[in-house]
Amino acid sequence: MNAAARKNRKNRKSPRGWKSYVLGAAAVAALLASTACEPGAAEGSDDTKPSDQPSATSSAKSTETASATPGGGSGETGGSDDSGTIAACTAEHLAVSATVEPAEDSKDTRHLLVTVQNTGDKKCDVYHYPYIEIGDAQAPTPVIEDSGDPEELTTIAPGEEAHAALLVAGGARDEYEANSITLTLHGSKLGSKAGEPIDVPMPVDTLYADDGQLVTYWTTASGYALDFIMSK
C-alpha cells in the first residue's frame, strides 16, 4: 500500500465510531425528554417550593374548619326556642287589658291590674316595668322601686301573662280626670323604650288620677304585684 493510500485510510472515520456517536446523542435526547415529562419537574422538587404556597390538603382543611364553625348569627337575636335565645315581647304579639281590683269594687278605681298576654307561638321577655301614662299626664307613672329587680327578666310562654299593678291615685293631690291609658314597653336597657305607645282598654269610662300614681315591675304573679298598691 503506498503512502497516499495509508494517509487516506487514516483520515477516514470508522462507521462504527459514527454509529456510536449517533446512538449516544439519541440517548441524551431521550433522557432530557423523560426528565421534562416528569410531574413537578418544571416546578422543582418539594425542597424548592415556596414555603407560603398552600397545598391542596391545607386548603381542604381550612374549608372544613370554616364550615364547622358556627356563624355569628343575624340581627334577630331571639325568638328561637331551639337556640335557647328568647326575644323581647312586641306589641304585635301581646294582648293588653286592665281590670279594677278588687273586681267587685267598681266605684273606687284607684287600683288596677295591667296585664299583657303572649299571643305568639314562642316565649318572649318583658323588661323591667311598663311606661304607663294616664290621660294627659306630662310624664310616665313612677315605678315602685322595691317591687322588682332591674336585673331580672319576666318571660312569658305562649298563652301566659305578665302583670303590673297600677295605683291610679295616691292621695287626692292635683287630681285630674283621665279617659285613656297608654302603655309603652321598656327596652332591655333600664330607662329605654321599645316601640310605640299601646292603647290600654279602659275598665271604666273615667279615671280620677293624681300625682301620687305608681306602677310595679312586671311579674307573672298578679297577687304579688297587687300587694304593693292595695295598702295605699
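**Exercise 1. Is His128 buried or exposed, and where does His128 lie?**

Step 1. Take the burial classes: buried means under 20% relative accessible area, exposed means over 50%, and partly exposed is in between, with a 1.4 Å probe and protein chains only.
Step 2. His128 has a relative accessible area of 6%, so His128 is buried.
Step 3. His128 sits in the loop between β4 and β5. Helices (H or I, at least four residues) and strands (E, at least two) are DSSP runs, numbered from the N terminus.
Step 4. Check the backbone. The phi of His128 is near 55 degrees, a positive value in a residue other than glycine.

Some ground rules apply throughout. This is a predicted model, in which local features need pLDDT of at least 70 and side-chain atom pairs count only at pLDDT 80 or more, while totals for chains, interfaces and linings use all residues. Residues are numbered from 1 along each chain as its sequence is written, and side-chain values use heavy atoms, with hydrogens and water left out.

**Exercise 2. Find what the pLDDT is over residues 1-81.**

Step 1. pLDDT is the predictor's confidence in each residue, from 0 to 100.
Step 2. Start with the chain. The average pLDDT is 75, and 62% of the residues score at least 70.
Step 3. Now the stretch. Residues 1-81 have a pLDDT below 50. Beyond near neighbours in sequence, this stretch has 17 contacts in the model. Contact means heavy atoms within 4.5 Å.
Step 4. Where pLDDT is low, the predicted coordinates should not be read in detail.

**Exercise 3. Locate the disulfide and state which parts of the chain the pair ties together.**

Step 1. A disulfide is a pair of cysteine sulfur atoms within 2.5 Å. Searching the whole structure gives one.
Step 2. The partners are Cys89 and Cys124, with sulfur atoms 2.0 Å apart.
Step 3. Cys89 lies in the loop between β1 (87-88) and β2, and Cys124 in strand β4, so the pair ties together parts that are 35 residues apart in sequence.
Step 4. The link of Cys89 and Cys124 is right-handed, with 90 degrees about the S-S bond. Both cysteines are buried.

**Exercise 4. Work out the strand order of the open sheet and name its edge strands.**

Step 1. Two strands pair if DSSP finds at least two bridges between them.
Step 2. Four strands form the open sheet, in the order β2-β3-β7-β12, with antiparallel pairing.
Step 3. β2 and β12 (214-215) are the edge strands, since each pairs on one side only.
Step 4. Look at one pair. β2 and β3 run antiparallel and are joined by seven bridges. Ser97 stands opposite Thr115 in β3.
Step 5. Follow the chain out of β2. Pro102 lies in the loop between β2 and β3. The peptide bond from Glu101 to Pro102 is cis, with omega near -10 degrees.

**Exercise 5. Describe the largest nonpolar core: how many residues has it, and which elements give two or more?**

Step 1. A nonpolar core is a set of buried Ala, Val, Leu, Ile, Met, Phe, Trp, Tyr and Cys residues joined through side-chain atoms within 4.5 Å.
Step 2. The largest has 31 residues. Val116, Ile134, Leu166, Leu183 and Leu207 have the most contacts inside this core.
Step 3. Elements giving two or more residues are β2 (94-100), β3 (111-118), β4 (124-127), β5 (131-134), β7 (161-167), β9 (181-186), β10 (193-200) and β11 (207-209). β2 gives the most, with four residues.
Step 4. Take Leu183. Beyond four places in sequence, its contacts include Val96, Val114, Val116, Ile132, Ile198 and Trp218.
Step 5. Another core lies apart, with eight residues, among them Ile144, Ala165, Leu167 and Ile229.
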